[in-house]
Amino acid sequence: MNAPRTRVQRRPVHGVLLLDKPLGLSSNQALQKAKWLLRAEKAGHTGTLDPLATGVLPLCFGAATKFSQLHLDADKTYEATARLGIKTSTGDAEGDVIAERPVHVTAEDLARVEVQFTGPIRQVPPMHSALKKDGKALYEYAREGIEIERAPRDVIIHKLALTQLDGSRIRIVACVSKGTYIRTLGEDIGEALGCGAHLTSLRRTATGGFGEAECVTIEALEAMAEDERLARLLPAEALVEGHSRVTLAAEDAARFLSGLRRRGGWADAEAVAVFGTDPQAFLGTAHVSAGELIPGRLLNPIEIQQILLNAQQTEATP
């Protein structure tokens, strides 16, 4: 008879964990594993990676979940390997082969296609994706053999580098805007080369200002003591790096946190990170218009107290 599972005692945890998502886990599976290891009450991720994909997956805990949308919208960089000459039903190695063509690709062909796919382009989202139609994910329709009409999307390929690895494989390195499907990009590149293609590997190497060198693996996290795991968390304000900064004195900070606008000599700005002086803490986001600081996403006083307490405990840990 199996012993009963020990119930995990959850607790408020606030911050951002940069996870190197492993092959074979969905983004949500990786999130739930990290959430369990940290015993966190609340968590969310900042953009789905397929089970086939590995790499940078920022996970947000507690108060940081309020700012996760900022990294859903961030530019991302990927490295992928594509197999030329074979097209699959899913655009990757997990699908069935649906077409095969001979491959005759030169360096000049790759240079031409690099230019063709750099800048603003249009993509038709793949059927094997989490996009929803009538409340149902497209991949669910695909598994039932149902094809749904999808409208093309405008995306931007900021940088693209194609390298021939051998006669049938190319390496793709792409820095892209939000909403870009790398599987679709690989398929479209294959079509432009006249032979078709599918992805055999995919890795996200950066999202926003976060890179793979800063990430921790699930295995490394499992091997850590609990205080070491907490020490891996970045503060919530790491998600607003690059925002303009405004600092408020205690009275203005209290009113700002209650949702009131503040007036000052600030220049207009769409993205502002707001901090207080007493206590010294991140308060939330705002924008400035005509000298007014207009609240956006705000922390609440309890969250601020918990964050400050956690920071003190982390600093006190030898």
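Student: Which residues does Leu 193 touch, not counting residues up to four places away in sequence?

Tutor: In this predicted model, Leu 193 touches Leu 84, Val 105, Asp 109, Leu 110, Val 113 and Ile 170. Touching here comes down to heavy atoms within 4.5 Å.

Student: What makes Leu 193 stand out in the largest nonpolar core?

Tutor: That core has 45 residues, and Leu 193 is among those that touch the most other members, along with Phe 61, Leu 160, Ile 172, Leu 185 and Ile 189. The largest share of the core, 5 residues, comes from helix 1 (residues 27–38). Both domain 1 (15–73 + 210–232) and domain 2 (76–207) give at least three residues to it. There's also a second, separate core of 31 residues, and Leu 248, Val 274, Phe 275 and Leu 299 are included in it.

Student: Why is Asp 50 called partly exposed?

Tutor: Check the cut-offs: buried is under 20%, exposed is over 50%, and partly exposed is in between. Asp 50 has 28% relative accessibility, so it counts as partly exposed. Asp 50 sits in the loop between strand 2 (43–45) and strand 3 (53–61), and an unreviewed UniProt entry gives it the feature "active site".

Student: How do you know that Lys 35 has no salt bridge?

Tutor: A salt bridge needs a side-chain nitrogen of Lys or Arg within 4 Å of a carboxyl oxygen of Asp or Glu. For Lys 35, the nearest side chain of opposite charge is Glu 41, 9.3 Å away.

How values were computed: Residues are numbered from 1 along each chain as its sequence is written. This is a predicted model: local features need pLDDT of at least 70, side-chain atom pairs count only at pLDDT 80 or more; totals for chains, interfaces and linings use all residues. Side-chain values use heavy atoms; hydrogens and water are left out. UniProt positions are given in the numbering used here, feature names are shortened, and annotations may be inferred rather than shown by experiment. Helices (H or I, at least four residues) and strands (E, at least two) are DSSP runs, numbered from the N terminus. Buried means under 20% relative accessible area, exposed over 50%, partly exposed in between (1.4 Å probe, protein chains only). A nonpolar core is a set of buried Ala, Val, Leu, Ile, Met, Phe, Trp, Tyr and Cys residues joined through side-chain atoms within 4.5 Å. Domain bounds come from an automatic or database domain assignment. Lys and Arg count as positive and Asp and Glu as negative; His and the chain ends are not counted.
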